[in-house]
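This briefing is intended for a reader who has the sequence and the coordinates at hand. Please consult both while reading the points below.

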Amino acid sequence: MPRLVSAIVLTAALPAAASAAISLSSIDDFAVTSEGWMIGNNGVQPTRDSDDGPDGQPGILTHFSDGGGSNGRWIMRSSEADWLGDYTAAGVTAINLQVAAVSGPDVPLYFAFDGPGGWFHTAGQVISTGDGFVPLTFDITPGGLTHVAASGGTGNPADTLADVTEISVIAGPGAFSYTSRGGFIRVDRSTNEIALDDITAVPEPAVAAALLGLAGCALRRRRSAD
């Protein structure tokens, strides 16, 4: 995408990137750090590799589950400010990312969100070893989320999306369960290594199309002026 188009898409009528809350400019590309993602309850960070990701830039995040002990389940969690807050007001209705199953059996991947409505998770998308990095989009509108009843809350996805207090990426077989120890949700144990890159907040399609149209008009005006 031309630099002018990229700049317009990222800045036109969008919340400022500097705001300490979810916005349409929220992205974790792991170019320098692990961006605050952690595993388990003790703030342990997943591995940040300096290898080039699918975007051609250095920095990907990898995590593994070994089927037993404290690392038996594949879960990454974030309470970083740029992924928290009011998704509905920010116009965020999906999350994009690039993901690669490095090793292990085929496994579904999910995003999950905690808030006043309780924990909710997206539909799972199966990833397979050997496919390399693939782009995935997760629907996080109220109709695309499932409540984990044991997590409590109002049970209304709109309540959680209006005040997200934690976000997770989860992979593994089986049904979701809630653990009061740490206050998070999980699936069954697994043995998988998974790599992630470019976790990105995405607007609803109509907004995205309007922004791309605006960018295209600006580019055409620039070309006609040259």
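The notes that follow cover the chain as a whole, its salt bridge, a pocket, and several individual residues.

The model is predicted, not experimental. Its chain has four helices and 14 strands, and buried residues make up 44% of its 226 residues. A search of the whole structure finds one salt bridge, formed by R77 and E166.

**Overall architecture**

- Among contacts in the chain with a separation of 6 or more, 72% are between residues 24 or more positions apart.
- The accessible surface of the chain amounts to about 10400 Å². Carbon and sulfur atoms account for 54% of that surface.

**The salt bridge and the surroundings of R77**

- Side chains of opposite charge can pair when their charged atoms come close.
- In the pair R77 and E166, the closest N and O atoms are 2.6 Å apart.
- Are the two partners, R77 and E166, buried or exposed? Both residues are buried.
- R77 counts as buried because its relative accessibility is 5%, where the limit for a buried residue is under 20%.
- Apart from neighbours within four places in sequence, R77 is in contact with G36, W37, M38, G40, N41, E166, I167, S168, G182 and F184.
- One of these contacts, M38, is 39 residues from R77 in sequence, and the C-alpha atoms of the two are 5.3 Å apart.

**The second largest pocket**

- Rolling a probe the size of a water molecule over the atoms shows where empty space is left.
- The second largest pocket has a volume of about 500 Å³.
- Its lining consists of 18 residues, and those nearest the centre of the pocket are G40, N41, G69, S70 and F184.
- The elements giving two or more residues to this lining are β4 (74-78) and β13 (184-186).
- By residue class, the lining of the second largest pocket divides into four nonpolar, nine polar and five charged residues.
- G40, N41 and F184, which are among the residues nearest the pocket centre, are also among the contacts of R77.

**D198 and F30**

- Most residues other than glycine have a negative phi, and most peptide bonds are trans.
- D198 has a positive phi of about 50°, although it is not a glycine. F30 likewise is not a glycine and has a positive phi of about 55°.
- D198 belongs to strand β14 (residues 191-203), whereas F30 is in the loop between β1 (27-28) and β2 (47-52).
- Why does D198 count as buried? D198 counts as buried because its relative accessibility is 15%, and buried means under 20%.
- F30 has 0% relative accessibility and therefore counts as buried.
- Leaving aside neighbours within four places in sequence, D198 contacts D28, D29, F30, D55, N96, L97 and Q98.
- D55, one of these contacts, is 143 residues from D198 in sequence, with a C-alpha to C-alpha distance of 8.0 Å.

**P135**

- P135 is located in strand β9 (residues 134-139).
- Its relative accessible area of 61% is the reason why P135 is classed as exposed, the limit being over 50%.
- Beyond residues up to four places away in sequence, P135 touches L97 and Q98. L97 and Q98 are also among the contacts of D198.
- P135 and D198 are 63 residues apart along the chain, and their C-alpha atoms are separated by 9.5 Å.

**V164**

- V164 is found in the loop between α3 (157-161) and β11.
- With 2% relative accessibility, V164 counts as buried.
- Which residues does V164 touch, not counting those up to four places away in sequence? V164 touches W83, L84, G85, Y87, F113 and D114.
- V164 and G118 are 46 residues apart in sequence, and their C-alpha atoms are 9.6 Å apart in space.

How values were computed: Residues numbered from 1 in each chain as written. Predicted model: local features only at pLDDT ≥ 70, side-chain atom pairs only at ≥ 80, totals over all residues. Heavy atoms only, no water. 1 Å grid on protein atoms, 1.4 Å probe; cavity = no way out; pocket = protein on both sides within 12 Å on 5 of 7 lines; lining within 4 Å. Points joined across faces, edges and corners; volume = space filled by probe spheres on them. Nonpolar A, V, L, I, M, F, W, Y, C, P; charged D, E, K, R; others polar. Salt bridge = Lys/Arg side-chain N within 4 Å of Asp/Glu carboxyl O. Buried < 20%, exposed > 50% of the residue type's maximum accessible area, 1.4 Å probe, protein only. Contact = heavy atoms within 4.5 Å. Areas by Shrake-Rupley, 256 points an atom, 1.4 Å probe, with all protein chains shown as cover.
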